[in-house]
Amino acid sequence: MSDITYTPTGVPKNGGPSGASVSAPGTYLEADITDYFALLKPRVMSLVVFTGLVGMVIAPGDLHWLTAFTALLCIAIGAGASGALNMWWDADIDAVMDRTAKRPIPKGVVSANSAAAFGGLLSAASVFVMAALVGYLPAALLAFTIVFYVVVYTMWLKRATSQNIVIGGLAGALPPAIGWASVTGSLAVEPLVLVAIIFMWTPPHFWALALVRNDDYARAGVPMLPVVSGPDATRTQILLYSLALVPLGMAPLALGFGGILYATASIGLGAGFLFCAAQVFRHREGDVAKTMALRLFGFSIFYLFALFAALLIERMAGLAPFAPWM
């Protein structure tokens, strides 16, 4: 636990990252429901729910709509709870980074202890309800995801190694497996391929943002790759991961659970991803370098959403997979 204390405006009194969370005496502004909703990291939560939904829809078998809704709700709450616990532990980091300084804890509207209790309660509730109403395997996967994100990534890797988001990315990659397991009660190659796609997508996605926010991370003492190895090495890693991601994104087609729409999407989006990554690799100075990094960051979000949307549309429209070689 940290001994850093915060004023209501969120400025650390003794400054700098401590490697832990915050004890926060003092007067806090009155929090409302929007502040607690912000603790859940709703934008991250929406992508997690969407990929979990795709895992559920492509799974063989039927699931009652109420059970499916419960499973998605548990995935959403579990993801949000992880975000709240992340903000609790990283409050010292958030307070000194421009990108996160307005989050509820450094802003002084929610105490660190309240965020920890909120996140812990939601974590336990989401796993319990998933186990009771959906199944033990999806509940176990959800529990593993929360623990991995909070303990392994947030409390350990994030402050310890420049490979933090590479390994830690597993937590954000697992929702398709949870969705699949909610329907089948088991795992298979298909959801694991989707997990692998998200896992491989995570490094270029976050490193593109880290190139732009390099000073932010350096000031907070977070060993992101651009801080530790420099921007040029990061650009090389972005390009290498992108070269691995694009063919992996076509794996659903090769394995026979992606159709013509998915083939078109994976080829077109993959070409766009490689183009953006190459532009980041090429442009290394000035505003154009920043623009290219932000362009890759934005396109990477569209890439993942559109790729999974293609699978979702094919299944909901009853379009057959395209696999003449099988």
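Helix packing and buried cores in a predicted model

Modeller: In this predicted model, the axes of helix H2 (residues 42-58) and helix H3 (residues 65-89) come within 9 Å and cross at roughly 145°. The crossing is right-handed.

Biologist: Which residues make the contact of H2 with H3?

Modeller: Helix H2 contributes Met45, Val48, Val49, Gly52, Leu53 and Met56, while H3 contributes Ala68, Ala71, Leu72, Ile75, Ala76, Ala79 and Gly80.

Biologist: What is the division of these contact residues into nonpolar, polar and charged?

Modeller: There are 11 nonpolar residues, 2 polar and no charged. Gly counts as polar, and Gly52 of H2 and Gly80 of H3 are among the contact residues.

Biologist: Why is cysteine 74 called buried?

Modeller: Its relative accessibility is 3%. Buried means under 20%, so cysteine 74 counts as buried.

Biologist: Why does cysteine 276 count as buried?

Modeller: The value for cysteine 276 is 8% relative accessibility; because the cut-off is under 20%, cysteine 276 is also buried.

Biologist: How many disulfides does the structure hold?

Modeller: The structure holds 0 disulfides.

Biologist: Which residues have the most contacts inside the largest nonpolar core?

Modeller: They are Met130, Ile197 and Phe308, in a core of 92 residues. Helix H16 (residues 286-317) gives the most to this core, with 14 residues. A second, separate core has 5 residues, including Met45, Ala76, Ala81 and Leu122.

Biologist: Beyond its neighbours within four places in sequence, what is isoleucine 197 in contact with?

Modeller: Its partners there are Leu245, Leu248, Gly249, Pro252, Tyr262, Leu304, Leu307 and Phe308.

Notes:
Residues are numbered from 1 along each chain as its sequence is written. This is a predicted model: local features need pLDDT of at least 70, side-chain atom pairs count only at pLDDT 80 or more; totals for chains, interfaces and linings use all residues. Side-chain values use heavy atoms; hydrogens and water are left out. A nonpolar core is a set of buried Ala, Val, Leu, Ile, Met, Phe, Trp, Tyr and Cys residues joined through side-chain atoms within 4.5 Å. Buried means under 20% relative accessible area, exposed over 50%, partly exposed in between (1.4 Å probe, protein chains only). Helices (H or I, at least four residues) and strands (E, at least two) are DSSP runs, numbered from the N terminus. Contact means heavy atoms within 4.5 Å. A disulfide is a pair of cysteine sulfur atoms within 2.5 Å. Axes are lines fitted to C-alpha atoms, for helices over the stretch in contact, and angles run from 0 to 180 degrees between N-to-C directions. A crossing is left-handed if the near helix is turned anticlockwise from the far one by less than a right angle, and right-handed if clockwise.
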